[in-house]
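Student: I have a model open and a list of terms in my head. Can we test each term against its cut-off?

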Amino acid sequence: MIGAHVVPTDRRWTLPSIRTLGDVTDAVAAPLMDRSAGRAWWLAAIGAAVLTGIGALAVGFSFWYGPGLWGNNTAVVWGFPIANYVWWIGIGNAGTLISSLLLLTRQEWRASINRFAEAMTLFAVSMAGLFPILHLGRPMYFYWLAPYPNTLQLWPQWRSALVWDFWAIVSYLLFSVIFFYVGLLPDLATLRDRPGSRFWRRIYGVAAMGWQGTPVQWRAQERLHRTMAAIAVPLVCSVHSIVGLDFAASLMPGWTESIFPPYFVVGAFFSGLAMVVLIALTIRRAMELEGVIVPAHFDVMARLILASGIVMGASYAAEWFSAWWGGEAADLRVVRFEFTGTYAPFYWAMLLGNVAAPQLFWARRLRTSAPVLVGVSVAVLVGMWLERILIITDTLSIGYEPSFWRTYAPTIVDFLILAGTLGGFLLLLLIFGRLLPVVSMHEVRKLVAKEAEQQR
Amino acid sequence: MTALAIATFAEEGPYLRARVAAVAAQRRIVGEWLPYASEALGEGEGERGIRAAAIIVGVIGAVGLFALTTWSMMVAYPLNVGGRPLWSWPAFIPAPVEFGALAAGIGGIAVLFRNARLTRLHHSAFEWDEVARASQDAFVLAITCDAGEDANRVLALMANAGATHSRLVGA
């Protein structure tokens with residue numbers, strides 16, 4: 001178990017070990033400024049750097065020899081790159097969505113998780129953005145996706161889903177950077193004002209932009225944070241809806257479904273939440289943040305995973321029902337192929353991870369059990385990754401034209417590029433954990449003060 | 001010469017009490033520094049224009065990109081794609097919507113910087129150690145103490161409200 005069983009008390013979201021405002025600052029800032037990185041951090045960082053390097057080499061080989069090194073073929077033209085893109089951007093969508101939704105609905109528990117969830121968004125979207133560029137075939141011309149006056153007098157083809165993706169990724173990434181920074185400003189001032197290395201205090205000082213914490217500044221920061229949260233919710237939904245439209249706007253069996261945009265948004269939230277749980281478990285232990293990330297947080301996140309898993313199950317059922325009710329031969333063939341075709345074991349594994357595994361969270365004790373949380377979160381992440389792959393391979397392997405049916409098998413280069421992005425994501429998270437507060441100190445201070453007040 | 005009485009408070013309650021007492025005693029509040037966004041702050045200076053800027057800049061961004069899209073597809077590069085109309089407006093919507101949201105964020109943060117007077121890395125308030133405490137764990141209040149006035153009375157006002165520490169500066 002992560003800790004004591006969840007018992008409703010006045011102090012639900014922090015432990016009694018965090019009594020004062022100073023305790024919050026010390027708990028979060030001390031691992032950054034007062035402690036060295038430690039052996040585990042270095043081992044993880046070296047491992048992540050090696051993975052990133054391997055991925056970079058695989059990308060280099062792909063640039064040199066071309067996409068022929070990948071498993072993509074004349075029918076399954078999207079393959080790993082687009083599946084990985086969809087998976088990463090799904091994870092990336094959850095951070096800002098969770099943070100902004102919980103801010104707008106005034107959920108106090110967001111204070112402990114929003115910072116690293118937002119950082120996760122930035123890093124996952126950065127990884128996601130690499131794949132469409134790699135998949136272009138001529139990645140050196142990726143900037144042609146941007147509209148700018150040029151001597152060729154060419155303009156982007158705005159009807160293309162590729163151009164929609166470009167705007168979705170760039171806008172979402174930059175918006176998320178601003179949202180992250182607005183929430184981070186007061187904490188940068190905290191790091192600036194703590195005793196420690198003069199060099200880093202100067203860096204934090206410049207980044208804090210002269211933040212003092214006056215009422216005028218707090219009001220401005222709060223107003224912008226809420227305004228951006230109100231914009232972020234539809235933005236996040238639209239970003240993953242656009243990813244869904246990449247498929248739904250086509251004319252392929254199994255893809256032309258109006259349910260795709262909302263189904264993709266829920267899937268993104270689902271996989272991102274699973275990643276948030278894994279990160280929360282890791283930093284809670286590694287950075288000794290047991291006082292501010294408590295069992296109740298895992299309990300509520302597990303409930304959300306359970307609810308999302310049910311919605312995912314309903315979405316899959318809606319897909320099967322649509323194919324049966326529509327009666328289109330090609331659609332029915334795709335559904336049969338999903339359950340009995342070449343990739344059927346992966347499809348069953350996907351259902352196991354995305355629909356069956358989260359059902360464990362009906363049991364209250366399992367929602368706060370670290371091994372179960374890790375197991376279900378990994379199952380969901382693998383399940384969602386399989387879903388992204390299978391959406392592409394099931395449809396493209398068995399489209400309308402039988403002469404065009406091809407099976408798909410990824411190559412080692414495909415896997416190495418995926419491993420490289422996993423390494424890059426982990427490396428960025430590790431660096432983030434050493435440079436910036438992983439928990440929003442000013443928001444947890446407010447929470448601690450409120451819970452202390454309620455106790456009186 | 002007017003001095004300042006500056007006091008730190010460990011919790012929000014005493015700070016708010018001191019604030020009320022200072023206003024009741026017709027003291028001028030010169031500065032306040034808080035470790036979090038207290039709900040007692042209410043609405044006031046600092047918020048003005050942020051939502052408006054986000055909305056206006058967002059709409060300008062979205063409409064501007066939609067206009068660029070329309071112009072580039074109809075005038076600059078009128079390409080026939082499978083017989084679809086040149087002005088395929090539904091397909092032109094996703095990019096401006098996304099960019100509009102980004103533009104709104106940029107407009108909002110620009111006004112945040114202006115309203116909160118950020119980018120001023122050097123400020124006289126940073127010379128007081130108490131202000132540094134405000135970003136850690138304390139509420140800080142600075143009020144005037146006029147020349148010839150009994151400074152102890154002013155400091156007592158803070159202490160009675162629950163200040164953990166108070167002192168006169170600039171006397």
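Tutor: Start with a side chain: the backbone oxygen of Leu65(B) lies 2.7 Å from a polar atom of the side chain of Thr69(B). Before we go on, this is a predicted model, where local features need pLDDT of at least 70, side-chain atom pairs count only at pLDDT 80 or more, and totals for chains, interfaces and linings use all residues. Residues are numbered from 1 along each chain as its sequence is written, chains are lettered from A and ligands numbered from 1 in the order in which they are written, and side-chain values use heavy atoms, with hydrogens and water left out.

Student: What makes the approach of Thr69(B) to the backbone oxygen of Leu65(B) a polar contact?

Tutor: A polar contact is a pair of N or O atoms within 3.5 Å; within protein, one must be able to donate a hydrogen and the other to accept it, and residues adjacent in sequence count only if both atoms are side-chain atoms. The separation here is 2.7 Å, so it falls within the 3.5 Å limit.

Student: What is Thr69(B) in contact with, beyond its neighbours within four places in sequence?

Tutor: Trp158(A) and Phe92(B). Contact means heavy atoms within 4.5 Å.

Student: Where is Thr69(B) found?

Tutor: In helix 2 of chain B. Helices are DSSP runs of H or I with at least four residues, strands are runs of E with at least two, and both are numbered from the N terminus.

Student: How do you know that the length of helix 2 of chain B agrees with its residue count?

Tutor: The expected span is 1.5 Å times one less than the number of residues. Helix 2 of chain B runs over residues 50-76, so its 27 residues should span 39 Å; the end C-alpha atoms are 36 Å apart, which agrees.

Student: What covers the buried residues of helix 2 of chain B?

Tutor: The cover includes helix 5 (161-193) and helix 7 (215-248) of chain A, together with helix 3 (89-92) and helix 4 (94-115) of chain B. Among the buried residues are Ala53(B), Gly58(B), Leu65(B) and Met73(B).

Student: Now Ser308(A). Why does it count as buried or exposed?

Tutor: Its relative accessible area is 5%, so Ser308(A) is buried. It lies in helix 9 (residues 295-326) of chain A. Its side chain reaches the backbone oxygen of Leu304(A) at 2.7 Å. Not counting residues up to four places away in sequence, Ser308(A) touches Val266(A), Phe269(A) and Phe270(A). The C-alpha atoms of Ser308(A) and Phe270(A) are separated by 5.7 Å, although the two are 38 residues apart along the chain.

Student: What makes Trp41(A) and Trp42(A) an edge-to-face pair?

Tutor: Rings of Phe, Tyr and Trp (its six-membered ring) pair if their centres lie within 6.5 Å; planes under 30 degrees apart count as stacked, over 60 as edge-to-face and the rest as tilted. By this rule there are 41 aromatic pairs over all chains. Trp41(A) and Trp42(A) are 4.9 Å centre to centre with 90° between the planes, which is edge-to-face.

Student: What makes Glu288(A) worth a look?

Tutor: Its phi is near 50°, a positive value in a residue other than glycine. Glu288(A) sits in the loop between helix 8 and helix 9 of chain A. With a relative accessible area of 51%, it is exposed.

How values were computed. Buried < 20%, exposed > 50% of the residue type's maximum accessible area, 1.4 Å probe, protein only.
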